[in-house]
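Dear colleague,

My notes on what was found in it follow.

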Amino acid sequence: MALRHAVLAALLDGEYSGYQLAKAFDVGVANFWHALPQQLYAELTKLEKEGLVAGRQVVQETRPNKRVFQVTDAGRAELENFAVAVSKPSFIRDDLLVKVQVADRIGTAPVIAQLEERASAADAKIELLGNLLRQLRGGAEEEEFLLRGERIGPYLTCLRGLAFEQEHREWCLRIAAVLKARQASHAER
C-alpha cells in the first residue's frame with residue numbers, strides 16, 4: 001500500500017485541510033499506517049496534480065486562509081482499483097525485536113526498560129482506541145453497530161489496532177519479565 005491510498009481513504013470521510021488530515025491520521029489511521037505531517041502535505045500536492053483529489057481555498061476572517069481537499073471521482077476509482085488488487089502479506093519490522101534478539105549477549109537492563117516503555121505506550125494507545133471505538137459507535141452496542149452501523153471501515157481498522165496494541169503490550173510485559181527472571185537467576189550464581 002502506498003501512502004496515497006491511506007490519504008484517499010482518510011479523505012472519504014469528508015473535506016480536510018492538511019492539518020485536519022494529519023489529526024485524522026493521528027487518531028484513526030495511525031494504528032495501521034504512519035505518516036509525518038510533511039509527508040501528508042507532499043502527498044496531497046501529488047494527488048491534486050494527478051486529479052485524485054480536488055483542493056479549494058477557504059477564506060477565513062480571523063485566521064490565515066486554508067486549503068481543503070476532497071476525493072474526486074478519479075480518486076474513488078483509484079481506491080476501487082486498489083481494493084481489488086491482491087494485498088501483500090504483512091510483516092514485522094521493529095528495531096526493538098533486534099534488541100531483544102541480542103539482549104542475552106549485550107545486557108538486558110536497557111532492553112527491559114524499552115520493553116516496559118513500549119508497554120506503557122501501548123496502554124495509552126489502548127485507551128485512545130477504546131475511546132475512539134465508543135465515539136464511532138455512539139450509543140450503540142458493538143454487535144448492533146457491527147451489523148447496522150453506517151460507516152464500518154474505520155471501526156474495523158480501529159478494532160485491529162486495539163487488538164495489536166493489546167497483544168503488543170502483553171508481549172512486552174512477558175518478555176521484560178523473562179529477561180528480569182534470567183537476570184536474577186544469573187545474579188544468584
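**Cysteines**

The sulfur of Cys-158 lies 19 Å from the closest cysteine sulfur, that of Cys-172, which is too far for a bond. Please bear in mind throughout that this is a predicted model. A disulfide is a covalent bond between the sulfur atoms of two cysteines. The rule applied here asks for two cysteine sulfur atoms within 2.5 Å, and by this rule the count comes to zero disulfides. Cys-172 is accordingly in no disulfide, its nearest cysteine sulfur being that of Cys-158 at 19 Å.

**Helix H8**

Is the end-to-end distance of H8 in agreement with its 36 residues, or in disagreement? At 1.5 Å a residue, H8 should span 52 Å, and its end C-alpha atoms are 53 Å apart, so the two values agree.

With a relative accessibility of 43%, His-186 counts as partly exposed. His-186 and Arg-151 are separated by 35 residues in sequence and by 54 Å in space, from C-alpha to C-alpha.

**An aromatic pair between H7 and H8**

A search of the whole structure finds one aromatic pair. Its members are Phe-145 and Tyr-155, in a tilted arrangement with 4.8 Å from centre to centre and 55° between the planes. The pair links distant parts of the chain, since Phe-145 is in helix H7 and Tyr-155 is in helix H8, ten residues apart. As for accessibility, Phe-145 is buried, with a relative accessible area of 9%, and Tyr-155 is buried, with a relative accessible area of 0%.

**The sheet**

Strands of a sheet pair through backbone hydrogen bonds, either parallel or antiparallel. In this model, three strands form an open sheet in the order S1-S3-S2, and their pairing is antiparallel. Strand S1 (16–17) and strand S2 (53–58) stand at the edges; each has a single partner strand, so one side of each is left without a neighbour in the sheet.

S1 pairs with strand S3 (residues 66–71) in the antiparallel sense, over two bridges. Within this part of the sheet, Tyr-16 stands opposite Phe-69 in S3. Helix H1 (residues 3–11) lies across S1, S2 and S3, and runs at about 95° to S3.

Which residues does Thr-72 contact, leaving aside its neighbours within four places in sequence? They are Gly-51, Leu-52, Val-53 and Ala-54. Thr-72 itself lies in the loop between S3 and helix H4 (73–84). Although it is in a loop, Thr-72 is buried, with a relative accessible area of 18%.

With kind regards

Key
Residues are numbered from 1 along each chain as its sequence is written. This is a predicted model: local features need pLDDT of at least 70, side-chain atom pairs count only at pLDDT 80 or more; totals for chains, interfaces and linings use all residues. Side-chain values use heavy atoms; hydrogens and water are left out. Two strands pair if DSSP finds at least two bridges between them. Helices (H or I, at least four residues) and strands (E, at least two) are DSSP runs, numbered from the N terminus. Contact means heavy atoms within 4.5 Å. Axes are lines fitted to C-alpha atoms, for helices over the stretch in contact, and angles run from 0 to 180 degrees between N-to-C directions. Buried means under 20% relative accessible area, exposed over 50%, partly exposed in between (1.4 Å probe, protein chains only). The expected span of a helix is 1.5 Å times one less than its number of residues. Rings of Phe, Tyr and Trp (its six-membered ring) pair if their centres lie within 6.5 Å; planes under 30 degrees apart count as stacked, over 60 as edge-to-face and the rest as tilted.
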